[in-house]
Amino acid sequence: MRKKFGARWLAVLISAIPVIAQTGPLTLEECVAMALKSSPLIEAAKEKLGEFDAAVDEASAARKPSFAAQASYTRVIPTPETSIPVDLDPATYQVISNGYRLGPDRFNVSLTATQPLYDGGRIKNAVKIPQHGRAAAEWQRMSVIREIRRDVTKAYYQALVANKNVAALDSAIALVEEMLQDLSNAVKGGVRNEHERLQAQMQLANQKLTRQQAATNSLMAHNYLAALTGIPAGTRITLVDELRPPESFTAPQLQALQAQAREASTDIKSLLEQIKLIETSMLITGAANRPAVYAAAGYSGSGATDGELKESGKWTNDGTLSLVAQWNIYDFGSADSKKRQSRSQMRQLELTMDNIRVNLDMMVENNAALLQDAFESIEAGKSNIEQTKRSYEILHGIFNEGMLLPSELLNAQSLTLQAEMSYYEALSNFYTAQAELDYLVNVEN
């Protein structure tokens, strides 16, 4: 009964997995779309944009009038005495209002309104600061998208190569097992010796171990791709076999690619926004020595219980309307110190950008060279596979005639396997280098 109950819940959990995670085979474009949709990094980048939007609204609110209200109640302890008709009793220090001593309860209410009229550009530039921050955050969001596209592309081809390696090893193992069976029969018939059969057994064991390692690599590659695309862990992924050699290859123009990479670099664009932010901060610092003008209006009311009258105490009202100018005449060099700090920060950012440009040029050159090498390896790999397969077929015929040692045929079979796996590795290197180069120059798949 427990087994049935557990199986029922397992079926429910499997049915809850998104349909896209269960269907297949998946293309590269589908994997990229799934990763972009499910990535928490993109969601975090969107939240960062919302944070800066709120900061812009907060800074913009400084242009609008501000209102403040205050109310207070005070209880005087001890309670004032009411028997001495003087304005101020030296002994008790009681306050007199209009000939009457005030009782122990005091009330005050005030309301003020302030409207900035001129601030030397402080508010305007204060609004620009989160705007620059938002622009930098937008570039970072785009960088995350590009990184996800690159990482998924690499993982996709690595998973395909892992599949190909497993399939190649399965074919190789089948050939060795067939050869081993023939050798076993030949040993029984006295045609071959035991040593030759043991050699085949050793090669079979080694290839099975290599196959086990390749299967583990395949599992890891598929799990990594699943993690990138938001597919539940342990879900079997079937991929469209897109591991085809490029039809042609033209060596890219290195200088043009490097210029394109510099132009597309979100890191550089983000640093440029940070430089603009510092420049804006310097404008705010410079405005600190300019006058600020604002209008203010206020109302205040106060009252208290009357110590000698039974009815309620009297309430007084006051109002004010002011035009205020404030000017920080001298700050002991504080503004100049802030400007020096800002200039130093700008210089640091400029040096960082120079370093990024140098690294970009190097990475573009390296990936262009890797792309060229991988393409040449692919072309050589095609030829090697054809030659090693043809050589194996010839030697296999000679072996069947009893004119070839098993070790020679095993070596030929091993060379065929190595040529095939090297070819798949070259394909993976080509598409990995292409994905990295596309990321650097911001080319979408």
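I began with proline 116, which lies in strand S3, residues 100-118. The model is a predicted one. I looked up the exposure of this proline: its relative accessibility is 27%, so proline 116 counts as partly exposed.

**Entry on H5**

I turned to helix H5, residues 122-188. H5 has 67 residues. From its first C-alpha to its last, H5 reaches 98 Å, close to the 99 Å expected at 1.5 Å a residue. Just after H5 I noted glycine 190, which takes a positive phi of about 80°.

**Entry on helix pairs**

For each pair I took down two values. Two packed helices are described by the angle between their axes and the distance between the axes.

How do H5 and H6 cross? The axes of H5 and helix H6, residues 194-229, come within 8 Å and cross at roughly 160°. Angles over 145 degrees count as roughly antiparallel, so H5 is roughly antiparallel to H6. I also recorded the hand of the crossing: H5 passes H6 in a left-handed one. I sorted the residues of the contact of H5 with H6 by class and found 21 nonpolar, 10 polar and eight charged.

H5 also packs with helix H4, residues 40-60. The angle between H4 and H5 is about 170°, and their axes are 9 Å apart. H4 and H5 are therefore roughly antiparallel to each other. In the contact of H4 with H5 I noted 16 nonpolar, three polar and six charged residues.

I then looked at H8 and H9, whose axes come within 10 Å and cross at roughly 170°. H8 and H9 are therefore roughly antiparallel to each other. The contact of H8 with H9 has 12 nonpolar, six polar and seven charged residues.

**Entry on the core**

I asked which residues have the most contacts inside the largest nonpolar core. They are Leu239, Leu243 and Phe430, in a core of 61 residues. I listed the elements that give two or more residues to this core: helix H3 (28-38), H5, H6, helix H7 (254-264), helix H8 (266-286), helix H9 (334-400) and helix H10 (406-441). Which element gives the most to this core? H5 does, with 14 residues.

I followed up leucine 243, which is found in the loop between H6 and H7. Is leucine 243 buried or exposed? The cut-off for buried is under 20% relative accessible area, and leucine 243, with 7%, is therefore buried. The C-alpha atoms of leucine 243 and leucine 427 are separated by 7.1 Å, although these residues are 184 residues apart along the chain.

**Entry on proline 25**

Last, I looked up proline 25, found in the loop between helix H2 (19-22) and H3. Its relative accessibility is 44%, so proline 25 counts as partly exposed. I checked the separation of proline 25 from aspartate 241: the C-alpha atoms are separated by 8.7 Å, and the two residues are 216 residues apart along the chain.

Terms used:
Residues are numbered from 1 along each chain as its sequence is written. This is a predicted model: local features need pLDDT of at least 70, side-chain atom pairs count only at pLDDT 80 or more; totals for chains, interfaces and linings use all residues. Side-chain values use heavy atoms; hydrogens and water are left out. Axes are lines fitted to C-alpha atoms, for helices over the stretch in contact, and angles run from 0 to 180 degrees between N-to-C directions. Helices (H or I, at least four residues) and strands (E, at least two) are DSSP runs, numbered from the N terminus. Angles under 35 degrees count as roughly parallel, over 145 as roughly antiparallel, 65 to 115 as roughly perpendicular and the rest as oblique. A crossing is left-handed if the near helix is turned anticlockwise from the far one by less than a right angle, and right-handed if clockwise. Ala, Val, Leu, Ile, Met, Phe, Trp, Tyr, Cys and Pro count as nonpolar, Asp, Glu, Lys and Arg as charged, and the others, Gly among them, as polar. The expected span of a helix is 1.5 Å times one less than its number of residues. A nonpolar core is a set of buried Ala, Val, Leu, Ile, Met, Phe, Trp, Tyr and Cys residues joined through side-chain atoms within 4.5 Å. Buried means under 20% relative accessible area, exposed over 50%, partly exposed in between (1.4 Å probe, protein chains only).
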